[in-house]
Amino acid sequence: MTTTTTETPPGESGNGSSRRAWLREHSELGVCVMLLALGALVLTDALTMDVEIAQRGPIGPKTVPIAVGIGLLVVAVILAIDVLRGGRGEAEGGEDIDLSEPADWRTVLLLAGVFLGAAVLIEPLGFPIAGALLFWGAAYALGSRHLDRDPLIAAGISLITYVVFNNLLGVPLPGGPLMGVL
């Protein structure tokens with residue numbers, strides 16, 4: 001008596017553990033799906049952009065987002081093909097990262113709070129003040145404890161960024177209470 005065994009493909013009903021094993025071996029497909037969705041979002045946003053007023057030449061504000069969206073779609077397809085053909089990314093070795101240690105959620109939550117706070121404060125306080133709080137808060141969340149130096153550096157970076165974008169590049173940023181001064 002001869003018995004033959006056949007593997008059930010992941011899409012068909014059968015052993016649930018083989019399906020999980022296949023998904024675990026091809027987990028990089030999740031990155032492909034994310035890149036595909038992001039590329040579609042960028043392309044949709046770029047193609048529905050109203051730019052008649054801002055168009056000044058043959059290359060307008062839609063060019064770069066369209067190129068980025070197409071690039072994301074191409075990378076997603078190439079990566080999916082590579083993963084399905086057996087390609088696998090190398091495990092992170094990290095030079096100074098101990099992968100056995102848990103994530104530092106305090107730092108992650110502090111950074112998220114700083115970013116959300118800056119997003120809420122940018123309109124009433126303006127970019128120079130909200131940006132200074134963002135840079136100072138990010139430095140503090142990442143471990144810098146120089147309370148005499150960090151606020152000054154953050155204020156300088158924020159002011160330089162405001163002047164470069166607002167005055168030199170022509171990208172209007174909210175000035176807030178400092179609008180008349182700057």
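**Briefing: an all-helix chain pattern and selected contacts**

Among contacts in the chain (heavy atoms within 4.5 Å) between residues at least 6 apart in sequence, 55% join residues at least 24 apart. The structure is a predicted model, in which local features need pLDDT of at least 70 and side-chain atom pairs count only at pLDDT 80 or more, while totals for chains, interfaces and linings use all residues. Residues are numbered from 1 along each chain as its sequence is written, and side-chain values use heavy atoms, with hydrogens and water left out.

**Overall make-up**

- The chain has 6 helices and 0 strands, taken as DSSP runs numbered from the N terminus (helices: H or I, at least four residues; strands: E, at least two).
- Along the sequence the pattern reads α-α-α-α-α-α.
- Of the 182 residues, 20% count as buried (buried is under 20% relative accessible area, exposed over 50%, partly exposed in between, with a 1.4 Å probe and protein chains only).
- The accessible surface of the chain is about 13,400 Å², and 66% of that belongs to carbon and sulfur atoms (Shrake-Rupley method, 1.4 Å probe).

**Helices α4 and α5**

- The axes of α4 (residues 105-125) and α5 (residues 127-141) come within 8 Å and cross at roughly 175° (axes are lines fitted to C-alpha atoms over the stretch in contact, with angles from 0 to 180 degrees between N-to-C directions).
- The two helices are therefore roughly antiparallel to each other (the term applies to angles over 145 degrees).
- On the α4 side the contact is made by T107, L110, L111, V114, F115, A118, L121, I122 and L125; α5 contributes F127, I129, A130, L133, L134, G137, A138 and A141.
- These residues divide into 15 nonpolar, 2 polar and no charged (Ala, Val, Leu, Ile, Met, Phe, Trp, Tyr, Cys and Pro count as nonpolar, Asp, Glu, Lys and Arg as charged, and the others, Gly among them, as polar).

**Salt bridge**

- A search of the whole structure finds 1 salt bridge (a side-chain nitrogen of Lys or Arg within 4 Å of a carboxyl oxygen of Asp or Glu).
- R149 pairs with D150, with 3.8 Å between the closest N and O atoms.
- R149 is partly exposed at 42% relative accessibility, whereas D150 is buried at 8%.

- P174 lies in the segment after α6 (150-168) and is partly exposed, at 25% relative accessibility.
- Its C-alpha atom is 5.6 Å from that of F127, a residue 47 places away along the chain.
- Leaving out residues up to four places away in sequence, P174 touches I122, E123, G126, F127, P128 and Y162.
- Of these, I122 and F127 also belong to the contact of α4 with α5.

Key. Parallel < 35°, antiparallel > 145°, perpendicular 65-115°, else oblique.
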